[in-house]
Amino acid sequence: VSNQTLTHPVLDVVMMLASTLGLSLFISSGPLFLMIGRHRRTGLAILVAAAISLGLVLILQYTTLRPRPIDVRRLVVPPNFPSYPSGHAALAFSGAVVLGLRFQRWQLLVLISAIMVAYSRLYLGLHYPSDVVAGAILGAAVGGACYGIMVRSKATWRWLLWPQIALVIIVSQMAYLGLLPLSLLAWPMADKVFHFLFFGAVVFWLNFWLPDRSLQVGRLALPIAILLPLGIALAEECVQVFSPYRAADVGDVISDFLGMIFFWWLSCQIGRQSPRISLGQEPSGAKKT
């Protein structure tokens with residue numbers, strides 16, 4: 001609607017600048033920080049996050065092959081790439097998250113700037129809202145992971161939780177939009193395997209954030225790392241009743257649960273053998289300061 005009605009010549013210029021200059025500022029901040037000794041990790045994280053985000057965007061674009069919007073008010077010539085997800089949104093949010101986590105006083109500024117870049121793609125008639133949402137989620141998750149692994153003094157792989165959550169959200173969104181290529185689901189039990197792996201991997205990484213956190217129910221101690229994703233999976237399965245492209249399936253929930261149990265056990269085993277991969281807590285017996 002905003003592409004057709006909420007327009008103004010001044011906004012036209014602002015949005016074109018946000019789409020070009022705004023995105024350039026996020027990307028160029030990487031090399032800029034690389035030249036500053038104490039911020040080199042930040043600069044490298046921005047560049048790596050941008051490269052990974054762009055690579056994932058291209059993979060998704062040529063997997064979904066969603067055409068650009070038609071019958072819209074278009075101010076610039078659309079790029080010769082499919083529409084889903086938005087590369088501009090992904091690149092802007094990947095840089096914004098790294099900067100916002102590293103320089104907390106800038107968080108509001110970089111968030112508003114990233115939103116402006118993402119919204120400009122809608123205003124200019126180049127993307128659907130779902131394209132921009134998917135790009136923002138993807139970029140934010142990759143940016144968060146790059147910050148956690150590359151910038152923090154103690155690198156911890158638990159930050160890969162965020163790309164994993166983004167993957168589940170984006171694949172679910174693709175399913176609701178009818179963008180999933182059916183060829184990927186042609187082999188027997190394919191959807192059950194994906195449910196097992198995707199939701200199981202969420203629990204795997206989440207357990208490093210919430211080790212030993214459980215809900216006591218009688219004599220049972222139910223891991224929070226399983227309960228949270230399981231609740232979301234159950235709710236999402238119920239919502240599928242209202243989708244023309246999806247159908248609620250008890251088998252999917254069973255696959256989700258089995259994957260969660262297996263990957264929770266696996267993360268417990270790895271966490272015991274390699275304490276550095278977990279929450280970054282001090283080893284037992286270490287003095288607290």
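Helix H3 gives the most to the lining of the largest cavity, with 3 residues. The model is predicted.

## The cavity

The count comes to 1 cavity of 30 Å³ or more. The volume of the largest cavity is about 30 Å³. Its lining consists of Phe-26, Ile-27, Ile-46, Ala-50, Leu-91, Ser-94 and Gly-95. At least two lining residues come from each of H1, H2 and H3, with H3 spanning 87–102. By class, 5 of the lining residues are nonpolar and 2 are polar. The cavity lining has no charged residues.

Some of these names return in the helix packing. Phe-26 and Ile-27 of H1 are among the residues that meet H3. Leu-91 and Gly-95 are among those on the H3 side of that contact. Phe-26 also takes part in the contact of H1 with H4.

## Helix packing

Two packed helices are described by the angle between their axes and the distance between the axes.

| Pair | Angle | Axis distance |
|---|---|---|
| H1 and H3 | about 45 degrees | 10 Å |
| H1 and H4 | roughly 125 degrees | within 8 Å |
| H3 and H4 | roughly 180 degrees | within 9 Å |

Take H1 and H3 to begin with. They pack at about 45 degrees, so the two helices are oblique to each other. The crossing is left-handed. H1 brings Ser-19, Leu-23, Phe-26, Ile-27, Ser-29 and Phe-33 to the contact. H3 answers with His-88, Leu-91, Ala-92, Gly-95, Ala-96 and Leu-99. This contact of H1 with H3 holds 8 nonpolar and 4 polar residues, and no charged ones.

Next come H1, residues 9–34, and H4, residues 107–123, whose axes cross at roughly 125 degrees. That makes H1 oblique to H4. This crossing is left-handed. On the H1 side the contact uses Leu-11, Asp-12, Val-14, Met-15, Ala-18, Ser-19, Gly-22, Leu-23 and Phe-26. On the H4 side it uses Val-110, Ser-113, Ala-114, Met-116, Val-117, Tyr-119, Ser-120, Arg-121 and Tyr-123. The contact of H1 with H4 has 12 nonpolar, 4 polar and 2 charged residues.

How are H3 and H4 oriented to each other, parallel or antiparallel? Their axes cross at roughly 180 degrees. An angle over 145 degrees counts as roughly antiparallel, so H3 and H4 are roughly antiparallel to each other. H3 contributes His-88, Ala-89, Ala-92, Phe-93, Ala-96, Leu-99, Gly-100 and Leu-101. H4 contributes Gln-107, Val-110, Leu-111, Ala-114, Ile-115, Val-117, Ala-118 and Arg-121. By class, the contact of H3 with H4 has 12 nonpolar, 3 polar and 1 charged residues.

## Val-97

Val-97 is another residue of helix H3. Which residues does Val-97 contact, leaving aside its neighbours within four places in sequence? They are Ala-140, Gly-143 and Gly-144. Gly-144 is 47 residues away from Val-97 in sequence. In space, the two are 6.0 Å apart, C-alpha to C-alpha.

## The largest pocket

The largest pocket has a volume of about 910 Å³. Its lining counts 37 residues. Nearest its centre lie Val-171, Ser-172, Ala-175, Leu-180 and Phe-198. Helices H2 (40–64), H5 (129–151), H6 (161–177) and H7 (190–209) each give two or more residues to the lining. H6 gives the most, with 10 residues. By class, the pocket lining has 26 nonpolar, 6 polar and 5 charged residues.

## The loop between H2 and H3

Two backbone features fall in this loop. Leu-65 lies there. Its phi is positive, about 55 degrees, although Leu-65 is not a glycine. Pro-85 is found in the loop between H2 and H3 as well. A cis peptide bond joins Tyr-84 to Pro-85, with omega about -5 degrees.

Terms used: Residues are numbered from 1 along each chain as its sequence is written. This is a predicted model: local features need pLDDT of at least 70, side-chain atom pairs count only at pLDDT 80 or more; totals for chains, interfaces and linings use all residues. Side-chain values use heavy atoms; hydrogens and water are left out. Axes are lines fitted to C-alpha atoms, for helices over the stretch in contact, and angles run from 0 to 180 degrees between N-to-C directions. Helices (H or I, at least four residues) and strands (E, at least two) are DSSP runs, numbered from the N terminus. Angles under 35 degrees count as roughly parallel, over 145 as roughly antiparallel, 65 to 115 as roughly perpendicular and the rest as oblique. A crossing is left-handed if the near helix is turned anticlockwise from the far one by less than a right angle, and right-handed if clockwise. Contact means heavy atoms within 4.5 Å. Ala, Val, Leu, Ile, Met, Phe, Trp, Tyr, Cys and Pro count as nonpolar, Asp, Glu, Lys and Arg as charged, and the others, Gly among them, as polar. On a 1 Å grid over the protein atoms alone, a cavity is a set of points where a 1.4 Å probe fits but cannot get out, and a pocket is an open set with protein on both sides within 12 Å along at least five of seven lines; lining residues have an atom within 4 Å of a point. Grid points are joined across faces, edges and corners, and a volume is the space filled by probe spheres set on the points.
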